[in-house]
Amino acid sequence: MKTSILEYLEESARKYPDKTAFADEYEFRHELLRDSALASVTLENRTRIHRAVAEAFESAFPGNENFYQAIATHWKQTEEVEKQIEWGRKALDVCLRNFSYSEAVDWINYLQEIEEAPPSVLLI
């Protein structure tokens, strides 16, 4: 029986509730394989997967700034605007503290777009 990516992730989460990552289990050797796998996932399921990953990272790595951009990136792929703003601001703060200005500009542009706020307000 063929199992979808979402079903696999949900099953893995049930079987291994204490595990925080399965990243080493699947690694795409070529981006076309990755793109093909992603294309087979519906938008609804992709959104659910991104939400689940963001929530898992939030739970597994609370307060760990090394994961803020990853968490924010996953929330960007959902419809959760409040979470997008919350984690986008956290990612922006980390970028600014780490002098990652080009990434900071990307987060400012993104936040400005979803918040409809001038860039100067985002830096407060």
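Reader: So where is His 50 placed?

Author: His 50 is in helix H3, residues 43-60. Helices here are DSSP runs of H or I with at least four residues, strands are E runs of at least two, and both are numbered from the N terminus.

Reader: Before we go on, what kind of model is this?

Author: It's a predicted model, where local features need pLDDT of at least 70 and side-chain atom pairs count only at pLDDT 80 or more, while totals for chains, interfaces and linings use all residues. Residues are numbered from 1 along each chain as its sequence is written, and side-chain values use heavy atoms, with hydrogens and water left out.

Reader: Fine. Is His 50 buried or exposed?

Author: His 50 counts as buried, because its relative accessibility is 18%. Buried means under 20% relative accessible area, exposed means over 50%, and partly exposed is in between, using a 1.4 Å probe and protein chains only.

Reader: And what does the side chain of His 50 make a polar contact with?

Author: With the side chain of His 74, at 2.8 Å. A polar contact is a pair of N or O atoms within 3.5 Å; within protein, one must be able to donate a hydrogen and the other to accept it, and residues adjacent in sequence count only if both atoms are side-chain atoms.

Reader: Which residues is His 50 in contact with, leaving aside neighbours within four places in sequence?

Author: His 74, Gln 77 and Thr 78. Contact means heavy atoms within 4.5 Å.

Reader: Let's pick up Thr 78. Where is Thr 78 found?

Author: In the loop between helix H4 (68-76) and helix H5 (81-97). Thr 78 is buried, since its relative accessible area is 7%. The Thr 78 side chain also reaches the backbone nitrogen of Glu 80 at 3.2 Å.

Reader: What does Thr 78 touch, not counting residues up to four places away in sequence?

Author: Thr 47, His 50, Arg 51 and Gln 84.

Reader: OK, helix packing. At what angle do the axes of H3 and H4 cross?

Author: Roughly 155°, and the axes come within 8 Å. That makes H3 roughly antiparallel to H4. Axes are lines fitted to C-alpha atoms, for helices over the stretch in contact, and angles run from 0 to 180 degrees between N-to-C directions. Under 35 degrees is roughly parallel, over 145 roughly antiparallel, 65 to 115 roughly perpendicular, and the rest oblique.

Reader: Is the crossing of H3 and H4 left-handed or right-handed?

Author: Left-handed, meaning the near helix is turned anticlockwise from the far one by less than a right angle; clockwise would be right-handed. H3 contributes residues including His 50, Arg 51 and Phe 57, and H4 contributes Ala 70, Ile 71, His 74 and Trp 75.

Reader: How do the residues of that H3 and H4 contact divide?

Author: Six nonpolar, two polar and three charged. Ala, Val, Leu, Ile, Met, Phe, Trp, Tyr, Cys and Pro count as nonpolar, Asp, Glu, Lys and Arg as charged, and the others, Gly among them, as polar.

Reader: Next pair: how are H4 and H5 set, antiparallel or parallel?

Author: The H4 and H5 axes cross at roughly 150° and come within 8 Å, so the two helices are roughly antiparallel to each other. Their crossing is left-handed.

Reader: Is Leu 111 buried or exposed?

Author: Buried, because its relative accessible area is 0%. Leu 111 lies in helix H6, residues 101-115.

Reader: Backbone check: which residue has a positive phi although it is not a glycine?

Author: Phe 99 is one of those, with a phi of about 60°. Phe 99 is in the loop between H5 and H6 and counts as exposed, because its relative accessibility is 64%.

Reader: Last one: how many helices and strands in the protein?

Author: Seven helices and zero strands. Buried residues make up 23% of the 124 residues.
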